[in-house]
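Here is a short report on a protein model. Read it alongside the sequence and coordinates.

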Amino acid sequence: FKIILVNKPGDTMRKNADIDMIRMILRKIRDNTEDAEKLEVSLRTLSKYKRTNADFLCESNRLNILVLTAKLHKDDPVILKLIISILKWSLDEANAIDASTSACHMCKDCIHDDLIEIITSKRYLLRDCEMVRNAMHLLATIASCWDIQQCLDIDAFKRECTEKKMHLAAISAMLAYKDNEEICDAGVLLIHWLQFAVDGYVQRTMCSQTLRIAIDAGLDEFDRKLDLSKKKNIEKFLNIPRVLSAFRQDPIMGVLRNTWERHKDTSQIIADCGVRVQFSVIEMHRRDSKFLKCSNCEKNLPKKKERLLCSSCRLVIYCSSRCQKKHWKKEHKLKCKQATVSTIE
């Protein structure tokens, strides 16, 4: 017997019926934006039609209705949670072109402002893991849509995101949910995409003075001409005790480093993107070390030969011996011993 697989008429009819139902639900959402009870019922019904109808939802900017509804009900956690969940699976399941176009329209409607507020707000951050996770994934999806430049300049979008400190919002979420691999996945991916924003703003805001000094010393100890584009060389450099200690203790990069160490064996995204973010911070400093300032007077440091590094902890740097003596008496005398012990440990 020959079995011939064909599309059954019933499947096409069912799909058309689903599309008609989605159209009707979207009309109800548009007409009942101020009625929270009816709106919640409509959103829960729409959630049942996910996966197979994501392309239809992303076409013709239909998701715009949900974005505007989310803005009207941003203080209602139930409705906001349902909308973010629908937006997330719509972009995840739709084809690349429709997803990129929808992401572009979401940016124009400033949906990322609301998502950042969700991630950073104490109201959601420590109380609703699912809400934060979906917001993080949606942010990462929007940031990773390279085709977004069809309707919005990619550099302008990334500059806007970094100015609103989206990468720091990701760090705060990763710190609060350090054992949640899905949230950490989205956070590392988001930072990875945003690090390509112009002027290296992300790298500079994520890298403290102490970490820059440690990287500077590590480059001297290793080899400034070494090709750090190779993964083996990056890992070798990051394992220098002084550099490793500075990365782990840094208030921002320390969160990313600890996340990378915790999840790199189980998550390929964190394993790859985490290394690239650390590499970009090192490369930024190697290209331009003029951001190093004297730990005492905070003036820009002079030429390399005239710089003075604390020989004990190697975490502070000075423009002259006079500044070194002043800073030692003022505060570094106590901090130096503690830093040296923690580095050895």
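Residues are numbered from 1 along each chain as its sequence is written, and side-chain values use heavy atoms, without hydrogens and water.

**Confidence.** pLDDT is the predictor's confidence in each residue, from 0 to 100. The protein averages 76, and 79% of the residues score at least 70. Helices are DSSP runs (H or I, at least four residues), numbered from the N terminus. The table gives the lowest and highest mean pLDDT among the elements.

| Element | Residues | Mean pLDDT |
|---|---|---|
| Helix 19 (lowest) | residues 321–344 | pLDDT 70 |
| Helix 17 (highest) | residues 253–263 | pLDDT 91 |

Over residues 1–10 the pLDDT is below 50, with zero contacts (heavy atoms within 4.5 Å) beyond near neighbours in sequence. Residues 340–345 also fall below 50, but that stretch has five such contacts. Where pLDDT is low, predicted coordinates should not be read in detail.

**Helix 9.** Residues 129–143 form this helix. At 1.5 Å times one less than the number of residues, its 15 residues should span 21 Å; the end C-alpha atoms are 21 Å apart, which agrees. Eleven of the 15 are buried, meaning under 20% relative accessible area (1.4 Å probe, protein chains only). Among them are Met-131, Asn-134 and Ile-142.

**His-192.** This residue sits in helix 12 (residues 181–194). Its relative accessibility is 8%, so His-192 counts as buried. Beyond four places in sequence, His-192 contacts Cys-273, Arg-276 and Val-277.

Definitions and conventions. This is a predicted model: local features need pLDDT of at least 70, side-chain atom pairs count only at pLDDT 80 or more; totals for chains, interfaces and linings use all residues. Helices (H or I, at least four residues) and strands (E, at least two) are DSSP runs, numbered from the N terminus. Buried means under 20% relative accessible area, exposed over 50%, partly exposed in between (1.4 Å probe, protein chains only).
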